[in-house]
Amino acid sequence: MPAYWVARSKIIDPIAYKKYTDRVPGIIARHGGKVLARGGRYRIMEGPEKFHRFVVIEFPTLEAAVACFNSPEYQEAAAFRRNGVGEVENVIVEGGDATA
């Protein structure tokens, strides 16, 4: 069953944050992930307007998405954004039955 990695972020230092975003697409691809939305236009329909960048990545399974997030190469890339250059919320959710 597919799983979706959903990230919301607020970028504080775009130049330093780019060191993270330049590395991530290759890491995601190596773990079977496919970026469905990255940046782009959005509308916040409800809730706080804290985050200004949204990313949705599809993985073949929840386990594949978690393995990508926990991988040494992703953790190394994420270190670039964890030093105050951005604020991120990451959630991985399994697809499931859309009629439930």
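Student: Why is Tyr 20 called buried?

Tutor: In this predicted model, Tyr 20 has 10% relative accessibility. Buried means under 20%, so Tyr 20 counts as buried.

Student: What makes Tyr 17 and Tyr 20 an aromatic pair?

Tutor: Their ring centres are 5.5 Å apart. The cut-off for a pair is within 6.5 Å. The planes stand at 70°, and over 60 counts as edge-to-face. So this pair is edge-to-face.

Student: Where do Tyr 17 and Tyr 20 lie?

Tutor: Both lie in helix H1 (residues 14-21). They are 3 residues apart, about one turn of the helix. Tyr 17 is at 4% relative accessibility, so it too counts as buried.

Student: What makes Arg 81 count as lying over the face of Tyr 20?

Tutor: Arg 81 is 5.0 Å from the ring centre. The distance limit is within 6 Å, and the charge must also be within 35 degrees of the ring normal. Arg 81 is listed as lying over the face of Tyr 20.

Student: Why is the pair of Trp 5 and Phe 69 called edge-to-face?

Tutor: The planes are at 65° and the centres 5.5 Å apart. Angles over 60 count as edge-to-face, so the label applies.

Student: What does the pair of Trp 5 and Phe 69 tie together?

Tutor: Trp 5 lies in strand S1 (residues 3-11) and Phe 69 in helix H3 (residues 62-70). So the pair ties together parts 64 residues apart in sequence.

Student: Is Trp 5 buried or exposed?

Tutor: Trp 5 is buried, with a relative accessible area of 3%. Phe 69, at 22%, counts as partly exposed.

Technical notes. Residues are numbered from 1 along each chain as its sequence is written. This is a predicted model: local features need pLDDT of at least 70, side-chain atom pairs count only at pLDDT 80 or more; totals for chains, interfaces and linings use all residues. Side-chain values use heavy atoms; hydrogens and water are left out. Rings of Phe, Tyr and Trp (its six-membered ring) pair if their centres lie within 6.5 Å; planes under 30 degrees apart count as stacked, over 60 as edge-to-face and the rest as tilted. Helices (H or I, at least four residues) and strands (E, at least two) are DSSP runs, numbered from the N terminus. Buried means under 20% relative accessible area, exposed over 50%, partly exposed in between (1.4 Å probe, protein chains only).
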